[in-house]
Amino acid sequence: MTNHKPSIPFLDLYKINGRYHEKLKKRFSDFLDSGTYVRGGFVTKFEHAYAQFCGTKYCVGVGNGLDALTLILRGYIELGKINTGDEVLVAANTFIATILSIKYSGLKPVLVEPDIKEFNLDVHLIEHYITNKTKVILPTHLYGQLAQMKEINKIAKKNNLLVISDAAQAHGAKSDSGISAGNLGDAASFSFYPAKNLGAFGDAGAVTTNDGALAAIVRSLGNYGSSKKYENNYLGVNSRLDELQASFLLEKLKDLEQDNQLRRQIAKKYLLEIKNKKIQLPFWDGSENHVFHLFVIRVANRLEFCDYLEKSGIGYLIHYPIPPHNQNALKQFSDLSLPITERIHEEVVSIPLNIGLENHQVEQIIMILNQY
Ligand SMILES: *Cc1c(COP(=O)(O)O)cnc(C)c1O
């Protein structure tokens with residue numbers, strides 16, 4: 001079979017960003033005129049706006065989502081709250097960046113099985129993994145759905161652990177009591193990679209927290225370990241939010257709440273109208289705890305199903321095909337048996353869900369899935 005371009009692409013970023021083209025050209029021109037290209041006014045403005053969006057006291061812009069997590073962990077080490085070699089509990093089915101950040105900080109990732117219904121940390125298992133070396137629970141809000149934060153925070157409090165969220169897929173997801181993803185633990189990391197719900201036009205990331213000492217140290221670590229020019233207190237890195245990306249993000253942040261709502265509407269329609277015993281739909285309680293970064297279904301025979309999607313012109317992706325513990329880069333985990341994680345990686349398929357989808361495309365996707 002020849003490979004046709006799908007008639008409904010998984011994600012068309014050019015189309016999604018089309019509504020901003022004129023405004024971004026103006027922003028580029030203002031940026032050019034500003035004469036300050038790194039750590040200028042746009043980064044500060046975005047940090048204020050994003051902290052306000054998340055309901056946190058602080059937001060620190062950084063280079064990307066991986067650095068956001070790594071700098072939080074390194075920050076807590078510098079603050080003496082955790083030590084090199086301490087254990088961090090993390091979902092075994094997360095994107096590899098979560099695990100890399102733990103390793104890069106000199107900490108030890110402990111892979112915890114997820115709940116197959118919600119794809120997030122199984123809170124019933126967490127306490128089995130806690131040892132006297134455990135210092136952090138690091139939940140990912142995978143696919144845009146909040147992990148069970150009430151339960152996780154309770155366990156953390158009882159065991160004196162820090163809670164750090166990988167919120168790279170969950171910008172704007174809110175708990176039952178209306179608390180935003182950036183404000184549901186000690187600190188949270190965000191990625192503004194172009195495909196995320198709040199996507200830049202290049203790499204970008206941020207840390208949110210109410211902890212002023214952590215915010216200051218993350219800012220310093222991301223700027224060569226320096227708070228005062230040419231005075232270096234820590235072995236820092238260069239990971240700063242780009243001035244131009246910050247300006248672009250300020251423009252797109254205005255629409256994020258509305259975009260998330262639109263994603264939920266499409267998800268609701270899929271959940272109501274996709275009716276096929278061979279397709280396991282994702283669980284959602286219908287609240288604002290999900291921002292549907294991805295709409296992930298499960299099928300028993302994925303090869304056959306993906307072949308069908310290809311023939312039907314529906315774009316799809318797999319998040320993710322290989323679990324972290326089976327990656328060549330993480331061979332030290334290759335002996336682990338994680339049956340839930342492995343099953344998820346064998347069965348998941350992400351179908352198109354984004355704000356560029358037209359109504360008739362949503363209808364067509366539903367029809368094609370129902371005919372499978
Ligand atoms: C995208 C993503 C990251 C990494 O973000 P980058 O900006 O690409 O470094 C980390 N964790 C999760 C869950 C992600 O989806």
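What is the volume of the largest cavity? The largest cavity has a volume of about 90 Å³. A cavity is found on a 1 Å grid over the protein atoms alone, as a set of points where a 1.4 Å probe fits but cannot get out. Its volume is the space filled by probe spheres set on the points, with grid points joined across faces, edges and corners.

This is a predicted model, where local features need pLDDT of at least 70, side-chain atom pairs count only at pLDDT 80 or more, and totals for chains, interfaces and linings use all residues. Residues are numbered from 1 along each chain as its sequence is written, and side-chain values use heavy atoms, with hydrogens and water left out.

Start with the cavities. The structure holds 2 cavities of 30 Å³ or more. The largest cavity is lined by 13 residues, and I16, K196, N197, K252 and R263 are the closest to its centre. Lining residues have an atom within 4 Å of a grid point. Two elements, α1 (13–17) and α10 (256–273), each give two or more residues to this lining. The largest share, 3 residues, comes from α1. Such elements are DSSP runs numbered from the N terminus: helices (H or I) have at least four residues, and strands (E) at least two. By class, the lining of the largest cavity has 6 nonpolar, 2 polar and 5 charged residues. Here Ala, Val, Leu, Ile, Met, Phe, Trp, Tyr, Cys and Pro count as nonpolar, Asp, Glu, Lys and Arg as charged, and the others, Gly among them, as polar.

The second largest cavity has a volume of about 70 Å³. Its lining has 13 residues, with F119, Y143, Q145, P282 and H290 nearest its centre. Of this lining, 9 residues are nonpolar, 2 are polar and 2 are charged. Look again at F119. F119 is not a glycine, yet it has a positive phi of about 65°. F119 lies in the loop between β3 (108–112) and α6 (123–129).

Now turn to the pockets. A pocket is an open set of grid points with protein on both sides within 12 Å along at least five of seven lines. The largest pocket holds about 540 Å³ of space. It is lined by 28 residues, and the closest to its centre are F95, Y193, K196, H293 and Y320. Both α4 (65–78) and α5 (96–104) give two or more residues to the lining. The most come from α4, with 3 residues. The lining of the largest pocket divides into 14 nonpolar, 10 polar and 4 charged residues. Y320 has a further feature. The peptide bond from H319 to Y320 is cis, with omega near 10°. Y320 is found in the loop between α11 (302–312) and α12 (339–347).

What takes up the space of the largest pocket? The ligand does. A molecule sits in a pocket if more than half of its atoms lie within 2 Å of the pocket's grid points. Around the ligand are N64, G65, L66, F95, A97, T140, D166, A168, Q169, S191 and K196. Each counts as near if one of its heavy atoms lies within 4 Å. This shell has 4 nonpolar, 5 polar and 2 charged residues.

Next come the polar contacts. A polar contact is a pair of N or O atoms within 3.5 Å; within protein, one must be able to donate a hydrogen and the other to accept it, and residues adjacent in sequence count only if both atoms are side-chain atoms. A polar backbone atom of L66 is 2.9 Å from an oxygen atom of the ligand. For Q169, a polar side-chain atom lies 2.8 Å from a ligand oxygen. For S191, the distance from a polar side-chain atom to a ligand oxygen is 2.6 Å. On its own, the ligand has 380 Å² of accessible area, and the protein covers 90% of it. Accessible areas come from the Shrake-Rupley method with a 1.4 Å probe.
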